[in-house]
Every structure is written in C-alpha cells, then in structure tokens.
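Thanks for coming, everyone. Let me put the model on the screen and walk you through a few places in it.

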Amino acid sequence: MQEISIDGERLNRELTELAGFTQVEPSPLGTAVTRVVFTADDLRARAWLMGLAEEAGFSVRVDAVGNTFIRWEGSEPELAAVATGSHVDAIPHAGMYDGTVGVMGGLEAMRALKAAGFVPRRSIELVLLTSEEPTRFGIGCLGSRLIAGTLAPEKADGLVDLLPGAEAGSTLATVREAAGFRGSLEGVRLAVGHYDGWVELHIEQGPLLEREGLPIGIVTDIAAPAGYRFVIEGVGGHAGALLMPDRKDALCAASEVILSVEKHVLAANRASGTSNTVGTVGTCEVHPGAVNSVPSRVTLQLDIRDTDPVRREGVMQAVRTDVAEIAAARGVTIAETMVNADAPATSSEKIVAAIEVACGGARLPFKKMVSRAYHDSSFMARICPIAMIFIPCRAGVSHRPDEYASPSAIMDGTRILASTLATLASD
Ligand code: HGY
Ligand code: MN
Ligand code: MN
Ligand code: MN
C-alpha cells in the first residue's frame, strides 16, 4: 500500500456543502445549522452522501429507520466487517461539525485507503446513524439503539413527533413512512458480532485537547446518559384576579424542581471531588403560555449524565425527595417519566491500541480520555468492540453555531481513522 493521502481540501469542501443542507438562520455566532431527522434538509443530506458513496464505488444499503450502510467489500466478505460512522442530524441552531466529521471523515478515510491501493481483508462499512440527537423523538441515538436492540421496535415506532407544528398523532412510524423508510423496525437489529470492530471519529465537544495542545484524543469511556420528563400540573387562572394565597402555579413549582437538580448534581460533584456528574433541564414547556395567565402545566425534559450510573441514580433519588416536598407544599402534582437510563460504554483495548499505533505512525501525540457527550458508539458497544477518536474543537464549544474544528485537526483525525481501519480490516 502506498502512503495514505487524505484529500483535506475535498473533505472540508464537502463538510461545507453538507452544512448547506439546513434552514438558513442568521446568527451573530456564525452559520447556524439545524438539521432535524427526516426533515427535507436531512433527506437531502442523505441523498447527497449516498451519491458520493456510489461515485467512490461503494455499495449502499438503507434500513427501515434510515440507518445507511456504505460498504467497501473486502477480499474475504464472509468475515465480520469493521465499521465507522456517526450522524448528520443536528439540533436546532447548532454547528456544522458535530457528527458530520465522523461521517465525512469516514468516507474520506475509505476513499484514501482505496486510492492508496489498500485491499481490506474484512469489508469496511461507513454507517450514517439515524437521529443521534433527541430533538424530534425525545431520545438520542435512536438508530443505534435499534441496531443494538436496547429499544423495542414497537416502542420506537410509537415515539411521539416533538417537532413544533407536528400533526396530532404523528409518531416515528408515520414520520419515517412519509420520509420513505418502510418496513418493520424488527429488521434494524444487528447481531452481536455483526461487526468485528467499530471506530467513531468525533469532535471532542469539550476543551481539554485544545487546552493541552493535543491533536488526538482516544476515548476509553463514554459517560452514561439518562433522560427524564417531568409534568407539573397546577391550577391556572387570571394573572390579576387569582390572588397569591389561592395559587398553584406550575411554573414556580417547576423552577424549584430545576434548582433541585442543580443542587444535587453540584453536591454529587463536591462529594466525589470530580465534575463527572452533569444535569441539564434543556426544555421547559409552559401551558397556556400567556403573560397574563397563571401557568397550569409545565413539562420539563431533564438530561443527566455521569461516568458512574449508581451516582447518577443517587442524584435522581435526592431530586425525587425534593419533588415530593415541592408537590405537597404547592398543591401541584409532579409526574416523572424515565425516557432512558443507559450504562456507560467502555472502549476495546485492542482498538484503543490500534489507534495508539496509528498515532505513533503519524507522530501525533494523544491523550486517553472520557467522553462526556454520548455517541452512537455508546450503543454500538452492545454489539461489538468500539473506540472513538476525538479531535479538538475551538474552546470546546459544541451545539452552538460557533462550533469549529480546523481543517488540519479534521485531517489529522481522518488520517488516524484511516490507519486504524486499515489495521482492523487486515486482522
Ligand atoms: O448530547 C449529546 O451528548 C450528543 O451530542 N447528542
Ligand atoms: Mn450532538
Ligand atoms: Mn454528535
Ligand atoms: Mn454524539
């Protein structure tokens, strides 16, 4: 095999082109990208990517939930393939690198290996995973959860469409059908061992690599995400006529719930002497939402993560104690629904070692680290050995229009991915 040459100019041109599949929103922070799963922007991005894959001579298969498998047949196609991939969906008002670096970097790694005359023994697959972001159906990693079998197909198809303006009764089943993804979700699941290994390239979405001047991170563990929904029901009424002693204000109660989460997460970090526990109430839906009407119902979505799921559960228990007290004191009801409560994922030592060798060969320093963000790798880990390659992003910013990864950082990550895939596919 000749020297692997990553076409950085083409890679960055394609990332910029991919960023164009979005609702154009002016933003003082830079070009905001919004690409919610199964919207027109998402479908255009998918079609564009499949065109590039076919141009490169790879085959394409799409499953019933839109997971897209771009395959380079190996010399021994009966062997379990090695895979890479990520996502192209983006939360509202986000950046252009989260997920897309792993998809476009994966395609470029495969093209560069092919151009260098590499012949994989094991087939190599690039996988675009559907709906890594929870924006539309309230749960992250929808496509990889279904692959891993950690989400029941019928439960998935019943997930309510949370897109603003969605038709009443709109669910994953109706949305995916309308988007052209038909068939039972039962067939999405892949068996344990379907892949011999999985490596995801992703921006760090944190500040450590940039702060330490390192071009590569090797992820050894991925923190355990959990999601909960709280519905607070009070009594509404006229903002002028309903006097304070008679109120059961759902938004005041919700505010206490939000502060309870913050209080107990901070207490957990003080107790552990780490920052390993994080909690965010990212959405707060107020009904009826009129300035002169006392809120009667509030829906909160809580995202809470920890490298230790037992500690995470301890925080939730403490919040639940406060919730009972808040409900009693304010005469409201507070109903909790668990959306997901996942285990952390641990990388395969074999794949971590392969990435280390690739970094040595490229003379790129690295650090081993925990991923605070969750990724599709968290669920691919249920069916095969995994690891992740991180590249630095400016000031650690992500999920914001000013998210940025430099062309050289993206090239370094893609080069390491290509070398790692070559090692794994030769095994
Ligand atoms: O929220 C996350 O960790 C991922 O970026 N969706
Ligand atoms: Mn994200
Ligand atoms: Mn991501
Ligand atoms: Mn992710």
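One term before anything else. A polar contact is a pair of N or O atoms within 3.5 Å; within protein, one must be able to donate a hydrogen and the other to accept it, and residues adjacent in sequence count only if both atoms are side-chain atoms. Here is a case: the side chains of Asp-98 and His-202 are joined by a polar contact of 3.0 Å. Asp-98 has another such contact, also side chain to side chain, with His-87 at 3.0 Å.

Now the ground rules. This is a predicted model, where local features need pLDDT of at least 70 and side-chain atom pairs count only at pLDDT 80 or more, while totals for chains, interfaces and linings use all residues. Residues are numbered from 1 along each chain as its sequence is written, chains are lettered from A and ligands numbered from 1 in the order in which they are written, and side-chain values use heavy atoms, with hydrogens and water left out.

Back to those residues. Which ones does UniProt mark as "binding site"? An unreviewed entry places that feature at His-87, Asp-98 and His-202. A caution: UniProt positions are given in the numbering used here, feature names are shortened, and annotations may be inferred rather than shown by experiment. The three span 116 residues in sequence, yet no two of their C-alpha atoms are more than 9.8 Å apart, so they gather at one spot. Of these residues, Asp-98 is included in the lining of the largest cavity. A cavity, on a 1 Å grid over the protein atoms alone, is a set of points where a 1.4 Å probe fits but cannot get out; lining residues have an atom within 4 Å of a point.

UniProt also lists Asp-98, Glu-133 and His-399 for "binding site", again from an unreviewed entry. They are spread over 302 residues of sequence, but they cluster in space, with a largest C-alpha distance of 10.5 Å.

Helices (H or I, at least four residues) and strands (E, at least two) are DSSP runs, numbered from the N terminus. His-87 sits in the loop between strand E4 (81-86) and E5. Asp-98 is in the loop between E5 and H3. Glu-133 is in the loop between strand E6 (124-128) and helix H4 (142-148).

Buried or exposed? Buried means under 20% relative accessible area, exposed over 50%, partly exposed in between (1.4 Å probe, protein chains only). His-87 is buried, at 0%. Asp-98 counts as buried at 8%. Glu-133 is buried too, at 5%.

Next, neighbours. Contact means heavy atoms within 4.5 Å. Leaving aside neighbours within four places in sequence, His-87 has contacts that include Asp-98, Glu-133, His-202 and Asp-376. For Glu-133, the contacts include His-87, Asp-89 and His-399.

On to the rings. A pair of aromatic rings is described by the distance of the centres and the angle of the planes. Rings of Phe, Tyr and Trp (its six-membered ring) pair if their centres lie within 6.5 Å; planes under 30 degrees apart count as stacked, over 60 as edge-to-face and the rest as tilted. How many aromatic pairs are there by this rule? The count is five. Phe-38 and Phe-181 make a tilted one, with 5.2 Å centre to centre and 40° between the planes. Phe-38 lies in the loop between strand E1 (33-35) and helix H2 (40-55), and Phe-181 in the loop between helix H6 (172-178) and strand E7 (195-203), so the pair ties together parts that are 143 residues apart in sequence. Both Phe-38 and Phe-181 are buried.

Then Tyr-97 and Tyr-404. Their ring centres are 5.9 Å apart and their planes at 85°, so this pair is edge-to-face. It links distant parts of the chain, 307 residues apart. Tyr-97 is buried at 8%, whereas Tyr-404 is partly exposed at 30%. Elsewhere, ring pairs join Phe-58, Trp-72 and Phe-118 into a cluster.

Last stop: Asp-221, in strand E8 (residues 216-222). Asp-221 is partly exposed, at 29%. Its side chain makes polar contacts with the side chains of Thr-220 at 3.0 Å and Thr-346 at 3.5 Å.

Definitions and conventions. On a 1 Å grid over the protein atoms alone, a cavity is a set of points where a 1.4 Å probe fits but cannot get out, and a pocket is an open set with protein on both sides within 12 Å along at least five of seven lines; lining residues have an atom within 4 Å of a point.
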